[in-house]
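Work through the exercises below with the model open. Each task is followed by its solution.

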Amino acid sequence: MEIQAILPSKGRDLRLDLFRGVANWAIYLDHIPNNVVNWITTRNWGFSDAADLFVFISGYTASFVYAKMMLERGFIVGGTRLTKRVWQLYVAHIVLFVIYIVAIGYVAQRFSDPEIINEFNVAGLVANPIETLRQGLLLKFKPVNLDVLPLYIVLMGLFPPVLWLMLRRPDAVMIGSFVLYFAARYFEWNLQAFPEGTWYFNPFCWQLLFVFGAWCALGGTVRSRSIIDSRGMLWFCLAYLVFALVMTMAGRFQEFGDLFPRWLYDAFNPNDKTNLAPYRFLHFAVIVVLVIRFVPKDWKGLEWRGFDPLIKCGQQSLAVFCVGVFLSFVAHFELTMSSGSLLAQILVSVMGIALMTLVAYYISWSKQQDKPARPAAKPATQAAPVAPVATAGAEPQPARSQLQDGGVPAVSPAMIAAARSSPE
């Protein structure tokens with residue numbers, strides 16, 4: 001089939017790094033209960049939140065990173081590179097899983113607080129540790145706040161054939177994703193969790209955001225540019241953002257919610273995150289449209305030094321995410337054991353973000369050290385040969401070269417003798 005996708009232009013898109021850093025910071029703050037600082041995150045001002053942003057950017061980056069590889073080197077190479085990334089994500093999840101449950105168990109034992117085991121959904125480890133760990137390796141058992149990475153692993157693991165088809169029929173794949181989304185909501189498809197229930201992030205529904213990100217990366221936004229830039233779309237987006245803000249505030253404050261008809265209030269509260277409610281997806285799509293319209297890839301504001309910490313956290317997203325999940329547990333425990341005052345909430349929030357940023361800068365620096373150093377430029381020790389001056393009426397003669405025919409260096413007897421006498 002003919003390739004119909006439009007690959008992104010060359011060069012790193014700092015918007016992705018910036019917003020991925022925003023997602024990591026917001027996920028950390030949102031995972032800390034009773035924290036006034038997490039009021040600055042998007043979940044309090046509309047239907048979608050940092051999880052939507054994380055999944056969308058994951059699909060976007062996966063497509064443009066591996067699409068070119070799949071086109072140039074074939075499906076097998078691109079698919080195996082995607083599988084390698086899935087393995088890296090799985091290892092990261094298992095490491096985080098083990099550290100997380102050990103930390104929870106230690107805190108519960110050290111401070112005689114058994115309730116924390118139930119709060120973070122690790123009680124099964126006490127009653128049936130072997131089976132619980134086995135289910136954890138199968139991604140069925142997940143402590144609280146460890147739901148995003150298993151979703152990412154599943155979506156990436158199934159992405160190779162989707163990417164192959166999207167390169168050839170991007171709009172058809174996007175339509176198919178919508179069909180699967182609505183079918184999963186109608187028939188209540190989801191994966192089973194352990195010891196009971198289903199996945200908190202239903203992968204049959206959340207795949208829509210992942211595929212939507214890939215579709216945008218592979219030319220969807222280019223083909224829709226006239227719609228995105230239209231005046232009608234702008235007014236619709238602004239109106240919907242205001243509506244989402246009002247309905248979200250209605251859910252946050254009961255007295256304000258009582259001002260609306262019950263049928264309207266119940267349609268949006270509680271916010272259906274597990275199955276990615278249609279109004280939630282639409283809210284995020286509206287934000288994407290506004291970002292594309294007003295924040296181009298070459299926007300000079302992306303070079304502002306104040307964005308550097310966020311961009312750096314976005315570039316080292318996996319490590320920063322894992323550290324943030326662990327630190328959110330530490331922050332939650334610290335607030336529980338302390339007074340939980342406003343000052344304490346601000347301190348744990350700022351310190352956690354600072355540590356995440358420090359990790360991002362260290363990993364970035366460490367990767368630079370692993371790269372081979374560039375050899376210093378050697379000073380010229382031999383004057384360049386001078387070409388003979390052509391006389392009038394004579395054909396110009398080529399300058400004498402150190403290379404033989406075919407580009408092989410000419411070797412003199414003196415050079416051979418020097419090589420034999422030098423040590424290995």
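**Exercise 1: Helix α10**

Step 1. Helices are DSSP runs (H or I, at least four residues), numbered from the N terminus. The model is predicted: local features need pLDDT of at least 70, side-chain atom pairs count only at pLDDT 80 or more, and totals for chains, interfaces and linings use all residues. Residues are numbered from 1 along each chain as its sequence is written, and side-chain values use heavy atoms, without hydrogens and water.

Step 2. Of the 21 residues of α10, 18 are buried (under 20% relative accessible area, 1.4 Å probe, protein chains only).

Step 3. At the N-terminal end, Asn202 caps α10, with a side-chain oxygen 3.0 Å from the backbone nitrogen of Phe204.

**Exercise 2: The core**

Which residues touch the most other members of the largest nonpolar core?

Step 1. A nonpolar core is a set of buried Ala, Val, Leu, Ile, Met, Phe, Trp, Tyr and Cys residues joined through side-chain atoms within 4.5 Å.

Step 2. The largest one has 94 residues, and Ile116, Met156, Leu163 and Phe212 touch the most other members. Helix α2 (residues 50-73) gives the largest share, 13 residues.

Step 3. Leaving out residues up to four places away in sequence, Phe212 touches Phe56, Met174, Phe281, Ala285 and Val288 (heavy atoms within 4.5 Å).

Step 4. A separate second core of 20 residues includes Val37, Leu302, Leu310 and Val348.

Conventions
Buried < 20%, exposed > 50% of the residue type's maximum accessible area, 1.4 Å probe, protein only. Helix = DSSP H or I, 4+ residues; strand = E, 2+ residues; numbered from the N terminus. Polar contact = N/O pair within 3.5 Å; in protein donor to acceptor, adjacent residues only side chain to side chain.
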